[in-house]
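User: I'm new to this one, and I'd like to talk about its aromatic rings. Can you take me through them?

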Amino acid sequence: MTAGRNDPCPCGSGRKYKRCHYAADKAASSGAVSDVVSPFHEMDNQFVGELAGWAMNRFPAETVNVLHRLEADPEMTPQLGAPFLVYVSFVDGRPVVDWYLEERGWALTRGEREWLAWQQRSWLSIWEVMEVHPGRGLVLRDVLTGETRSVHEVSGSKSAEPHFMILARVVDTDSVSLICGMHGRPLRPMQASLVVDRVRRLLRRKGTVSPDRLREPRIAWAMVEEWSDAVYASQSPPRLVNTDDEDVLLTEDRWTFPPSKREEVLQRIATIENIDPDADGGFVILQEGNQMHADWDNTVIAHVQVNESGLLASTNSVSRADVIRARIEGACGSLVSAGPRSHTDPASARHEPSERRDPTPDEQILVLELKKQHYAQWLNDPIPALDGRTPHEAVRTKSGRERLTMILAEIEITESHAPDGARFDVGLLRRALGLSE
């Protein structure tokens with residue numbers, strides 16, 4: 001039996017069929033949707049160009065300002081920028097499309113006016129890719145409004161992955177939902193969650209957001225700018241710091257001494273505060289406690305090696321190196337002569353890629369078992385991304401469930417690239433936490 005467009009969707013989501021799997025089902029069964037979609041996209045391309053040119057003539061200064069603001073995002077492309085200009089951003093208090101319809105609507109056909117009315121009802125938002133039907137379409141969930149759409153999207157569905165987030169406008173027609181404007185860079189769930197959190201703070205709304213709020217220009221601009229910042233951050237190498245929150249820079253200091261003085265140097269080195277022998281015949285210098293880990297009794301801040309005629313101190317920051325240099329020279333005095341200091345930046349070090357070997361079936365079984373043990377414990381461990389709460393604690397609040405959903409989606413993306421035999425079923429975590437799949 002075939003569901004009617006206004007009937008409940010057979011998938012059990014509770015939404016109307018036309019707002020859920022209608023487009024994907026139509027695309028799968030025939031080329032009918034493609035026949036409908038193509039004219040829509042052709043019409044929209046024509047309208048976007050026409051409205052942009054009309055706006056430049058009607059509101060030249062305001063339009064240039066919008067364009068300059070859009071161009072501030074190095075990842076912005078006409079795919080999102082052009083629709084944003086004519087359908088989203090406000091010029092003299094109203095969207096360009098509103099002004100155009102008021103002044104030029106009389107010259108349009110009924111179908112053209114209907115298309116622009118559908119555009120007026122659309123909104124920019126952050127959508128999670130829930131399902132991918134390659135070559136046909138996507139099922140998307142608006143993480144702010146909670147609404148779900150099955151969109152016909154041929155090219156994007158060929159490379160999309162479930163749980164990735166996109167910044168896009170979805171336009172609903174009477175027969176199909178389409179993406180009409182999308183940022184060129186998707187984000188992983190945890191990266192996008194930072195944007196979602198900032199937009200919610202701006203809206204002062206923890207729960208479901210009305211599409212009308214997302215049509216407000218200041219909210220739409222905030223999404224674009226926050227998304228741009230998140231994309232930039234995702235492409236930037238992470239800052240490497242030690243547990244004193246100092247930039248990591250591997251630093252080596254050297255000293256020389258006459259071979260006959262080695263024993264005396266060793267005796268002097270042994271007097272340095274908080275120094276202990278290590279398993280390699282050298283020494284480690286400790287620091288009491290730890291700034292990042294309250295349960296640590298001490299922290300290794302330097303390794304010291306003494307050979308026949310030289311001394312080497314290795315640390316992971318310039319600040320620590322300066323402290324250790326002062327201690328060594330204070331203890332050894334004129335027995336040692338200072339040599340050169342060298343640095344290695346691990347963030348810029350280049351390594352030859354190692355040859356990748358697929359794990360054997362036995363290795364995959366072992367990896368999967370270790371993952372099961374890890375995630376069984378993970379459910380009861382404090383998680384920084386959950387503000388120090390455990391998953392079992394976080395799931396008791398709405399905000400905690402929302403953050404957990406993002407984290408589990410992130411894990412699922414990672415697991416989707418693991419070999420079949422080593423792939424952990426994230427559904428086990430969802431069921432353990434009482435989260436619907």
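Analyst: Rings of Phe, Tyr and Trp (its six-membered ring) pair if their centres lie within 6.5 Å; planes under 30 degrees apart count as stacked, over 60 as edge-to-face and the rest as tilted. The structure holds 11 such aromatic pairs. This is a predicted model, where local features need pLDDT of at least 70 and side-chain atom pairs pLDDT 80 or more, while totals for chains, interfaces and linings use all residues. Residues are numbered from 1 along each chain, and side-chain values use heavy atoms, leaving out hydrogens and water.

User: Why is the pair of Trp-54 and Phe-59 called edge-to-face?

Analyst: The ring centres of Trp-54 and Phe-59 are 6.1 Å apart, and the planes stand at 75°, so the pair is edge-to-face.

User: How do you know whether Phe-59 is buried or exposed?

Analyst: Buried means under 20% relative accessible area, exposed over 50%, partly exposed in between (1.4 Å probe, protein chains only). Phe-59 has 3%, so Phe-59 is buried. Trp-54, at 16%, counts as buried too.

User: What makes Trp-115 and Trp-118 a pair, and of which kind?

Analyst: Their centres are 6.2 Å apart and their planes at 90°, so that's edge-to-face. Trp-115 counts as buried at 0% relative accessibility, and so does Trp-118 at 7%.

User: What sits over the ring of Trp-99?

Analyst: The charged end of Arg-58 does, 5.6 Å from the ring centre. Arg-94 also lies over the face of Trp-99, at 4.5 Å. The rule asks for NZ of Lys or CZ of Arg within 6 Å of the ring centre and within 35 degrees of the ring normal.
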